[in-house]
Amino acid sequence: MNARANPWLLSTPALVVYAVFLVVPLLMVFVISFYDFKFMGGMQPTFIWKNYIQVFSDHYYHQIFLRTYGVAILVTLACAVLGTFEAYVLSRMRNPWKGLFLMVVLGPLLTSVVVRTLGWALLFGSTGLISKTLMAAGLASRPVSLMYTNLGMGIALTHVLVPFMVISVWASLQRINPATEAAALSLGASQFTVLRRVIVPQIVPGILSGSIMVFAMAASAFATPAIIAGRRLQTVATAAYDEFLNTLNWPLGAALAVLLLISMVIVLLAANRLVERRYGAVFS
């Protein structure tokens, strides 16, 4: 009996911290999402579905959710392509270049997301380096700004999140036996065929795991969309922030946060179930 209870007793401090700092705040947000809000009276502690009905019936919020998941999907695809290529190139490098370029790829993780995003904001502006380069090359006749655009937000998010894809694919590449690639080459396969028929099928679990992670972080990102897209192109996270701190409509902001959380859990559980069902032997 004690042997069964010991793991739970040892985990009690962590479970208490988890409950106090995560579960309780989430429950409070969920409860607040059913409150009413009046500009003259603030929050009214009543149980109503008004906030959820407003989100589901208002086309404005439909656009916000579509933008959030549309950008997240595009960022995930971009990270899957770039991250897989980077991880493969790094795995083929020799020391000390491998360690050096691995630090170059993963180094941005040591810098604040806000700092990296502000750097992109300087590049994206109408007087930024990108605009000046396009005009100098004759590709644009007037200043070009990527600020407050879905493209600019996608580029910045891709730069922020691609290291996570590299880490995931890198872990899968370490599992591959180099002899399989050598055997394919000795049998007459070209390098491209080996990459397509031998390497990629074995790293698909890593690509899928990285995609799940990148999609979750892209859909719930706040700092990068807030700086690059601003209030002109809101995502669910920035819209919830705006409701909480600008209009002070906490119940509506809580409803947006709850719907984002529920939709993310559904998507991630479905994707995780698909990965485990098809590649369960790899993760076991």
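Modeller: Buried means under 20% relative accessible area. Buried residues make up 37% of the 284 residues in the protein. Keep in mind that this is a predicted model.

Biologist: How many helices and strands does the protein have?

Modeller: There are 12 helices and 2 strands. Along the sequence the pattern reads α-β-β-α-α-α-α-α-α-α-α-α-α-α.

Biologist: And what box do the C-alpha atoms fill?

Modeller: Roughly 75 × 75 × 30 Å, taken along the principal axes.

Biologist: Salt bridges next. How many turn up in a search of the whole structure?

Modeller: The search finds 2 salt bridges. One of them joins the side chains of Asp36 and Lys50, at 3.2 Å from N to O. Asp36 sits in strand S1 (residues 36–38) and Lys50 in helix H2, so the pair ties together parts that are 14 residues apart in sequence.

Biologist: Is Asp36 buried or exposed?

Modeller: Asp36 counts as buried, because its relative accessibility is 14% and the cut-off for buried is under 20%. Lys50 is partly exposed, with a relative accessible area of 41%.

Biologist: Which residue does Arg231 pair with?

Modeller: Arg231 forms a salt bridge with Asp242, and the closest N and O atoms are 3.1 Å apart. Arg231 is in the loop between helix H10 (223–228) and helix H11 (236–245), while Asp242 is in helix H11, so this pair ties together parts that are 11 residues apart in sequence.

Biologist: What is the relative accessibility on each side, Arg231 and Asp242?

Modeller: Arg231 is at 58%, so it counts as exposed. Asp242 has a relative accessible area of 8%, so it is buried.

Biologist: How many residues of H11 are buried?

Modeller: H11 is mostly covered, with 7 of its 10 residues buried. Among them are Asp242, Glu243 and Thr238. Val236, Ala237, Ala239 and Ala240 are also buried.

Biologist: Switching to the surface. Which residues make the nonpolar patch?

Modeller: Tyr18, Leu22, Val23, Leu26, Leu27, Leu261, Val265 and Leu269. Together they make a nonpolar surface patch of about 710 Å². Helix H1 (2–32) and helix H12 (250–283) are the elements that give two or more residues to the patch.

Biologist: Which element gives the most?

Modeller: H1 does, with 5 residues. Take Val23, which is in helix H1. Val23 has a relative accessible area of 32%, so it is partly exposed. Patch residues need over 30% relative accessible area.

Biologist: Now helix packing. At what angle do the axes of H5 and H7 cross?

Modeller: Roughly 140°. The axes of helix H5 (residues 113–124) and helix H7 (residues 150–173) come within 10 Å.

Biologist: Why are H5 and H7 called oblique?

Modeller: Angles over 145 degrees count as roughly antiparallel. The H5 and H7 axes cross at roughly 140°, and the two helices are therefore oblique to each other. H5 passes H7 in a right-handed crossing.

Biologist: Last one. Where is Pro45?

Modeller: Pro45 is in the loop between strand S2 (42–44) and helix H2 (50–57). With a relative accessible area of 62%, Pro45 is exposed.

Biologist: What separates the C-alpha atoms of Pro45 and Pro251?

Modeller: They are separated by 9.8 Å, with the two residues 206 residues apart along the chain.

Note on methods
Residues numbered from 1 in each chain as written. Predicted model: local features only at pLDDT ≥ 70, side-chain atom pairs only at ≥ 80, totals over all residues. Heavy atoms only, no water. Patch = residues over 30% accessible without salt bridge, like charges linked within 9 Å, V, L, I, M, F, W, Y side chains within 5 Å. Areas by Shrake-Rupley, 256 points an atom, 1.4 Å probe, with all protein chains shown as cover. Salt bridge = Lys/Arg side-chain N within 4 Å of Asp/Glu carboxyl O. Helix = DSSP H or I, 4+ residues; strand = E, 2+ residues; numbered from the N terminus. Buried < 20%, exposed > 50% of the residue type's maximum accessible area, 1.4 Å probe, protein only. Axes fitted to C-alpha atoms, helices over the stretch in contact; angles between N-to-C directions. Parallel < 35°, antiparallel > 145°, perpendicular 65-115°, else oblique. Left-handed = near helix turned anticlockwise from the far one by under 90°.
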